[in-house]
Each structure stands twice: as structure tokens, then as C-alpha cells.
Amino acid sequence: MDSVSLIHVILFLPLLGAAINGLLGLFLPSWRDREGLIGLIGTAMVALPFLAFVVLFLGYDGTAVVTRLFTWMAAGDLTVDFAYRIDELSLLMGLVVTGVGSLIHVYSIGYMHGDDGFWRFFAYLNLFIFMMLNLILGDNLVVLFLGWEGVGLCSYLLIGFWYKNLANSAAANKAFIMNRIGDFAYLVAMFILFREVGSLDVSSLIAGGESMDPTMLSVAVFLLFMGATGKSAQIPLFTWLPDAMAGPTPVSALIHAATMVTSGLYLLARLSPLVLLAPGVMTLIAIVGATTALVAATIAITQNDIKKVLAYSTVSQLGYMFVATGVGAFYVAIFHVMTHAFFKGCLFLGSGSVIHGMHHVEHELEHDGHGHKLDPQDMRTMGGLKQFMPATRMTFLISTLAIAGIPLLSGFFSKDEILFKAFEAASFGFPAAWFVWGVGVATALLTAIYMIRAYVLTFEGAPRWPHADRLHPHESPASMTVPLWVLAGLSVVGGFLGIPAIIAHGDLNWIHHWLAGEHGPVAERVFDGHIALALEWALVALGSGIAVVGVILGWRWYTRQGLSFDDALQARFGGLWRLFQGKYFVDEAYEKAVVRPVIGGARYVFAPFDKYIVDGLVNGVAFLTRALSFMLKYLQTGLVPSYAAGIVFGVVLIVWLMLF
Amino acid sequence: MDITLNWYLYLSAILFTMGVIGFLFRRDVIVMLMSIELMLNAVNITLVALSQAMGNPSGQILVFFVMAVAAAEAAIGLALVIAAFRGKLTIDVTEFNLFKY
């Protein structure tokens, strides 16, 4: 097949899958019970596009292919086509999204087994993949925006998947509304870019960036970054992502770790030549990213819900990616997007497997009827799971070490590259990057500690749930462990795509050549000098050392003291700990600064305005009419003959006037 | 004695006036409907007579439309009368004044 029909396959199969499972499930109740068929269709509709991406990838000859399906809208100077672009960046992202997506679909067959909404879940997942592919492949900002909104919608639907629990619906609303704030900025950025450049195609925008008014360009890039902070959960719009963990765990893995939350970085990488023209905004991006990374990492240390730890870890890692973007190393951001998709996907799926196992214990306890309550996500009631769930434990350990940055695992390569790029920027004329680099290094240490804490509390030590001597969780079925192993394998080897410049001067850095090579779509900031080789080695040693130290410290603290070490920290750091545990009270601040004033304004300003001014106007018109018609109304007798007499009189009068 | 156009027009005028008077002064709804028929047919006579006198057949064609509309109007009118009678057990038009001020 040629590339154009492959693009059709890639785009329409997920949509078809969503339509089949969604419509048949909706109108044909018997369809809902056929889990095997639903899962098979849902998975195939993502796996086949993955194969198509592989074919495209292998046959890619270095020239971008743009396919125009049809014109979406044409008004005046604005013409928007459904145009899709295949180039190095979209191929790589497409491979990650459909590849990890297929694995998570397989996993969901096991995880969602027996759920009433099985069909609905797969329909939403397929719709999500379709929207994500629109976002990745779209050749203009409008199609990209369609996908951008679409993934937001699917995220909303899937966070609130178990909608009977009101808290889940509230989390879904929160995610949606916070995303809308970012989307608004994106929309305004599009308006500005269209006014300045006169087109919204990616290639025209990049070509027109040089001649744009620098101030307007900076404003547009800043607004795009605001959009990215919403979708990618950065300060100030990051609080929705931890709440989004209310959704089923495969959703957390797919949408809120591997794919959707990285779309902000994808957007900035896609428009990287424009972003490079706004160095002030880039500094801001780097600082926001670094701050987010640190803030989220400190919160993650204090959390007891296993998914919350991973959620804050995701926010923190996204912060790293924004650091890379901010120092002008867009390809490194995409590299970290990819490795993060592997290890964080694996971690989330592993936590899902743990929750699956703990659910079993919870059910047994309920069955016993001793009144024991168990939160299957709370790490305080876990421990010792390694003897019951060996596959989950091994994969979780591997990906924990990968995210901690243990040398030669994938996280090591991408995170070290980010820190190195920040260091490079700091050395060659961007002093703000020193702050960014320092915060990045500190966060790396925290990352290793909180991840090893999560691992130890979950899998090591003695079991802490009630009646642990006779109630055991079971290892999850193969449909869940096989994706875990695949992702764990990828987290081990994925980093070798980006071998750093210390070896062979970067000639082996495949991802750099692929994305930011001579014809690559991703630009990068070029510095005036080079870091000495010895210093580069020292930085690598520092990065590895920090990861190893963090892991060893965390391991010693938490295997020896377990939960009591948290109490020790709390006693030692008191107020700081409460600040971390309270998530910096950002939610409370927003509640006070935004939610309350809006509600108060609605109650005390807009409701009276509506009641007295708007309603008063309408009622006033009615009253005026009535007052003016106090005499005329007596003509309205309600009797047909009197009306008829009026008509006859009128006709006679008119005829009279016409004749004489 | 020739029957000229004016004769027809006089007949039509008389019939129409009878219809108007009947509609205005009778209280029985059915009689009022009959009065309307009378007016319509008066107009029909005018149309046919003038059409004949001027040698233009379109007036006669218009008569068919008037008759079709009159038939429809009679059917609906009678149905309304029956419906109204069921409610009030009378068809005295002065009893129906729901739209009074």
C-alpha cells in the first residue's frame, strides 16, 4: 500500500472501532457481554495502525508526505483542509502512541474484565486514539486543535468512567475545565498567528515566523505555552492531573502518562522554529518546567496512594520535558516523552495490577464480614507483594530503576540529556538555566527516592493488610503481565536511541539525527561553544551518582524503617512536610481566589442583575404595552360578529375611498 | 329582452349583500357558514360573468379554486362547529367569547 492509503487506514480504523463498539453496545444490549469480541476489535483497531506506522517508518525516505483529504472550511482568506503530515516527528509520536496504546488495550481486556461498561471503555479508548492521531498527524493548527479538544473530551469521559461515584465526575469536570483554560489560550494564539501570517499550516507558520513582529510572536508563543500548561499539567494548571487518577488505571497509563499529557510538548516541538524566535518565553518555559518538576516531586514523596505518587511523578517528569523545551533541546523533550511513555506506562500498568490484586483481598475481607475496610490503592496496607505477584514486582522494579535514572536504563539517557542541555545553555549565555539545572539535579535525587519508596512500600517488607496470613492477592492474568514485560523491556533498551554526545561525538545519537538532523522537522538552539569532554563525563557521572545515591538511600530508609520513616520525616520537617502533603495548598488557594469569587459574583452580582435588570426589562415592556392599551382593549370583544362587522366596515370604507 | 352583463352583476351584488347581512346578524353558526357560501358563490357568478364578457377563460379557472377552497372550508367549519357544540351544547355564536379582553 502507498503511504496515502496507509494514512487512511491509520486514521479511520480507530474511529471505526469506536463506532462499532460504541453504537453496537448502545443499541444492542447482547453485544455488551461479548467481552472477547469487543476487546479483539478494540485492540485490532489500534494494533493495525501501529503496523501501518511501522511500514511507513521503514519506508520513509526523508521527505514529508502531506495528504489532503478534503477542505474543512473556507471563509475569506482562511482555508482549512483536513490535511495530515507524515514526517520524522509524527512518525515517532505515532509509533509511541499506537504501540503503547495497543499494549494498554491488551492490558485493559484483563483489567476491565467483568465491568458493566466494558464496551463503553473500549469505544472511548479507540476514540481517544483517533483524536490523538489527529493531533499528531494534523498539518495545520486547526486539525491539531480538533485532536487537542478531542483528547480532552475522551479524557473527561474516561476520568468520569465510573460516573456513579460523584467524586469521579467532579474530577472529570475539574480536568475538563482546567484544560479549557489552556485551550482558550491556544485559540487566541491561533487568532494571532492567523492575523500575522495569514495561514495556519505548520509549514507556512514556520516560514512566516521570521517576518513576524517579534512582540506578537512572543505573545503567540506564550499563549501556545499556556495551552501546553493546561494539557501537560504544568504550573499553574497542574492540579487536574492527580485528580484524574479517579479513572480506570489503563486510562491513567495511556492518557495521563504516556500520550495526551505529552501533547503540549509535541505542539511546541512541532512549532520549534517559532518557539526559538521567542527566547524570553523559552526562559519562562524552562523555569516553569523546573519549578513544576521540583514541586511535584516533593509532593510525590508524601503521598500514600500509589496512583497519586505516579501522578505527581508524571507531572514532575513533564516538568523535565518542558525544561528541555525551554533550553531549546526539543528533540530531547520528545526523547523523554518516548522513554517516559515506556517506563511510566509500565509503572501505571503495574500499579493497576497491584490494585487488581488488592481488590481481591478487599473482596475476601468483605466476604469475611469483620468490618475491615481496605483501600486497594493505599500503600500503607500493602507490603510484601513480591511473593504473590512476581511478574508485577519485577517489571515495576525495572521501570522504577529506569525512571530513577540508573545508568544504561532508558530514563538515564533522556534525563541526563535534559540536564546536560540545561547545563550547556547555562554555560553559553543563559544564566537562568543555572537555576533550572540545579533544580533538575535536586529533582533527580527526589525522583529516585520517592519511586524507590513506592516500590519498597508496595512490594518489600511484610504484608500489612488485615489477615495477611491467609488472604493473598494473586498475580494478574497473562493479558496484563505480557504488556508489563514488553514495556519493561522497552524501558531497559529504549534509551539507546539517544546515546549522548560523549560517545563518538553524538554520531550514535539516533534520535537527534532523526528529529533534528538536516531535514528533520525539529529545530534546536545552537550554542557558540562546546562543553569539554571531561566535563561532560563528569556530568554523566554526577547524574548516575545522584540516581544511585537516591536509590540506595531510599532503599535503606524504607526497607529498614518502612512507614515509620515517613513519620520520622514528618517529625523532622514538620511544616515543610505538611506543605508537601497538602500539595502546596494550591487547590485551596484556587478555591479561595477563583472558585469562591466566581460563585459569590454569580450569587451577589449576576443573579440580581439577571433578576432585576434583564427580567425587569422584559416585564417592563409587557407592562408598558398593557398600560398603553387600556382603552383599545375594549375593541376585543371576543365575538365573531363584531369582528366581522369591523371587516365589512373597513371594506366599505376602502371601496368608498377608492371610488370617490 | 337581452340578459346583459349588468344583470349578472346585480344578482351577484344582491347575493353578496344577503350573505354579509346573514353573517353579521344571524347567531346560528351553521347559518353563518351558509352565508359565507353565499358570498363565495356571489363572487363566483361575478368571475364567470366577467370572464365570459371579456373572453378570458382565467376567471372561470379561478372559480374552480374558489369551489375547492369553499369545500375545504365547509368541512373544517362544520368540524369546528361539532367540536364547539360538544363543549358548550350550543352553537349560538354570542356564547363563544373566550378572547374577550
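Author: Happy to. Two residues are in contact if their C-beta atoms, placed from the backbone, lie within 7 Å. Counted that way, 81% of the contacts in chain A with a separation of 6 or more are between residues 24 or more positions apart. Please keep in mind that this is a predicted model.

Chain A has 660 residues, and 51% of them count as buried. DSSP runs give this chain 24 helices and two strands. Its C-alpha trace spans about 115 × 70 × 55 Å along the principal axes.

Now for the part I would pick: the largest nonpolar core. It holds 211 residues, and the members that touch the most others are A:Leu224, A:Val323 and A:Ile334. Helix 15 (residues 330-368) of chain A supplies the largest share of this core, with 19 residues. At least three core residues come from each of domain 1 (1-263) and domain 2 (278-576) of chain A.

For another view, turn to A:Glu196, which lies in helix 6 (residues 166-197) of chain A. A residue is buried if 20 or more other C-beta atoms lie within 10 Å of its own, and exposed if 12 or fewer do. A:Glu196 has 17 C-beta neighbours inside 10 Å, so this residue counts as partly exposed. Apart from neighbours within four places in sequence, A:Glu196 is in contact with A:Met212, A:Asp213 and A:Met216. A:Thr302 sits 106 residues from A:Glu196 along the chain, and their C-alpha atoms are separated by 47 Å.

Finally, there is the contact with the partner chain. Chain A brings 11 residues to the contact and chain B brings 10 residues. The side of chain A that touches chain B consists of seven nonpolar, three polar and one charged residues.

Definitions and conventions: Residues are numbered from 1 along each chain as its sequence is written. Chains are lettered from A and ligands numbered from 1 in the order in which they are written. This is a predicted model: local features need pLDDT of at least 70, side-chain atom pairs count only at pLDDT 80 or more; totals for chains, interfaces and linings use all residues. Ala, Val, Leu, Ile, Met, Phe, Trp, Tyr, Cys and Pro count as nonpolar, Asp, Glu, Lys and Arg as charged, and the others, Gly among them, as polar. A nonpolar core is a set of buried Ala, Val, Leu, Ile, Met, Phe, Trp, Tyr and Cys residues joined through C-beta atoms within 7 Å. Helices (H or I, at least four residues) and strands (E, at least two) are DSSP runs, numbered from the N terminus. Domain bounds come from an automatic or database domain assignment.
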